[in-house]
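Please describe how the chains of this model are built and how they touch. A short report in running text, with one table, is enough.

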Amino acid sequence: MPSTNQPSDVTHQYLRVKKKFPNVWCAGCGIGVVMGSIIRAVDAVGYSRDEVVLVSGIGCSSRLPVYCDFNTLHTTHGRALAFATGVKLAKQSLKVMVITGDGDGLAIGGNHFIHACRRNIDITTVLINNQIYGMTGGQFSPTTPRGAYASTAPYGNDEKAFDPTALAKAAGASYVARGTVYHVQQMDKLIIGGLRKKGFALIEVISNCHTYYGRLNKEGDAVAMLEVMKKRALPAKAAGSLPPEKLKDKFLTGVLWDVEMPEYCEEYQKLIDGFKKEKEE
Amino acid sequence: MTGMATSTRKLMQGNEACVQGALYAGCRFFGGYPITPSTEIAEGLARQLPRYGGHFIQMEDEIASIAAVIGASLTGVKAMTATSGPGFSLMQENIGYAYMAEVPCVIINVQRGGPSTGLPTKVAQADTMQARYGTHGDYYAIAVAPASVRECFEQTVKAFNYAERFRTPVIVLTDEVIGHMREMVTIPEPGELEVIARPKPDMPPEWYQHFEITPTLVSPMAAMGEGYRYHTTGLTHDQAGFPTAVPEEIRQKLDKLKYKIVRFADELIQLDAEMMDDAGICLFAYGISARAARQAMYMAREKRIRVGMIRPITIWPFPDEKLREMLEHVRRVVVVELNQGQLIHEIERVAPRTCKIINQTRYDGEIINPVEIYKRILEVK
């Protein structure tokens, strides 16, 4: 049976199949699901693989680019957005995406995160939020909920968690969305929306780390965690009409913020064009 | 508008000369963060780069600045940053990334007193060893130390040439005094000074390896978006750029970083020697201190004391071989530095055993005075 239009065929076309597999992720990890989604989104938008740049920092999620047949840049911990800013500004024809995690993007990379939002530079950022540091062995992160257990929070986490979408919106991003690794088709659409947006786009993807977070917090295996995700996710569009008690323990998904604002590189280009014109005259 | 296109003789600061040198070399990207005493470099390039179709960006900190510079360089653009001690410290991790990922870039460090916040407006030459060993791991650094405003121009051009030729970060160590001092500089015509571009691949993408081991050990470098689609990582990697844990490949990578510089050190060594033919005493000084040392040498020569001077312009790689030859018949070396004694250890390493090594240092935020050095010559002769 011909199956050229199957989604899995699309993803396989973009993988560095011979070179890098098997991957580093635990069986059942949500990051691979996000990788499929990113590839389908790039394919759907119609970007050529030569013009796409995937930039990442350090951590489980940041290992994603190496498997993809794009221009891939695996940088230092927390700095992906700063490297990506240089790439985008120096060569604006490139379609720059940043793949980061909750630790990489919001703790060590928090400063770069808010400033990339503020500049509204045309970078599509996928922040895979599994609420814990996976690669280093389950330490608490800026999105670990208060009271949750982690290897460095053996008595429960005392700190309040960040909401990356609220942070991005407040800092000046022009497109903010949230999806989960359970709602894959929605995630595809949210990333497509981010890629089409001229400006800084953040797509937070709620993912599962059953190896550490699930085990330490007795949330079960990958499937059990996906089921919790399914139960807790609430489409933002539906949330408005619901009474507050129905929103308890829920998180909103979908496009949360989408506005038109001047994009940093375009504004800079106007300056260059102005000087060029001046010279010609 | 002042541009590089017109050959002009102009009174300018060292920091301005770095700006002009960068433009002359073809630098088209600057990422930086404000820090005294380097700010004039950022200010100058903020003004000039958009006029050349280039980009200036003020980042949120020095870590981000060097990151943006590396990102820009990977798109095929000559890129740089400028900073001072505290910012140079913050940049170290990503400078290490540039060594590992072999990304050409230039970092100008207009030195001030330290450690920590130290002396923001006062001079020092105390980052000499940091320029060599600042980031973790094994690597070989290139650093140059201009001693005049004109040299700020020339050495910035050279720094870009070295960076592109060797696919590596290059550090320009100036200091607060040279950065702010004004001297006449004739800006060379385009073509007058050599300007080098990085080696580009001439093979089809399917044969391309981003870290291929070539006879020069420097690999051709494709820019992002040209169809070569390589992987760049700070993880130790194989020739294709993919992470490796194979001992043989790890050794090969670190050898590449070392020998691409060590084997071709002759191309890098710049060294000035004056009156060394009959010298029993050698003054060894670099950067701003060399100016006082030269004056002291003349004072001594007037008194018929046989003093010569060696001034390395390239301080890393250190000119081991040349110095071994030049110091063969020297009885005393006086090492003049604005720190508690840094390059003196390199001299101790290469000088013959018969040679006595004396330091003449100052680290109180002031430049060294020729008379101080002259007095030391009289003491040790």
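This is a predicted model: local features need pLDDT of at least 70, side-chain atom pairs count only at pLDDT 80 or more; totals for chains, interfaces and linings use all residues.

Residues are numbered from 1 along each chain as its sequence is written, and chains are lettered from A and ligands numbered from 1 in the order in which they are written.

**Domains of chain B**

Chain B is divided into domain 1 (9–186) and domain 2 (271–380); the bounds come from an automatic or database domain assignment. Taken over C-alpha atoms, the centres of the two domains are separated by 26 Å. In domain 1 of chain B, 24 residues are in contact with 20 residues of domain 2 of chain B (contact: C-beta atoms, placed from the backbone, lie within 7 Å). On the side of domain 1 that touches domain 2, the elements that give two or more residues are helix 5 (130–133), strand 6 (142–144), strand 7 (169–175) and helix 7 (176–180) of chain B. Helices (H or I, at least four residues) and strands (E, at least two) are DSSP runs, numbered from the N terminus. Strand 6 of chain B gives the largest share of that side, three residues.

**The sheet of chain B**

Seven strands of chain B form an open sheet in the order 3-2-4-5-7-6-13, with mixed pairing; two strands pair if DSSP finds at least two bridges between them. Its edge strands are strand 3 and strand 13 (314–316) of chain B. Inside the sheet, Met80(B) stands opposite Val106(B) in strand 5 of chain B. Helix 3 of chain B lies across strand 2, strand 3, strand 4 and strand 5 of chain B, at about 165° to strand 4. Helix 4 of chain B lies across strand 4, strand 5 and strand 7 of chain B, at about 160° to strand 5. These angles run from 0 to 180 degrees between N-to-C directions, with axes fitted as lines to C-alpha atoms, for helices over the stretch in contact.

**Helix 6 of chain B**

Helix 6 (residues 149–166) of chain B has 18 residues and reaches 25 Å from its first C-alpha to its last, close to the 26 Å expected at 1.5 Å a residue. The expected span is 1.5 Å times one less than the number of residues. Because 17 of its 18 residues are buried, helix 6 of chain B is largely enclosed by the rest of the structure. Buried means that 20 or more other C-beta atoms, placed from the backbone, lie within 10 Å of the residue's own.

In strand 1 (residues 52–56) of chain A, five of five residues are buried. Pairings in and between the chains are listed here.

| Strands | Sense | Bridges |
|---|---|---|
| Strand 1 and strand 3 (residues 95–101) of chain A | parallel | five bridges |
| Strand 1 and strand 2 of chain A | parallel | four bridges |
| Strand 2 (residues 71–74) of chain A and strand 9 of chain B | parallel | three bridges |
| Strand 4 (residues 79–83) and strand 5 (residues 105–111) of chain B | parallel | four bridges |

His74(A) is the bridge partner of Ser56(A), and His74(A) also has Thr233(B) as its bridge partner in strand 9 of chain B. The contact between the chains takes 34 residues from chain B and 34 residues from chain A. Helix 3 of chain B gives the most to the chain B side, with eight residues.

Key:
A residue is buried if 20 or more other C-beta atoms lie within 10 Å of its own, exposed if 12 or fewer, and partly exposed in between; C-beta atoms are placed from the backbone. Two residues are in contact if their C-beta atoms, placed from the backbone, lie within 7 Å.
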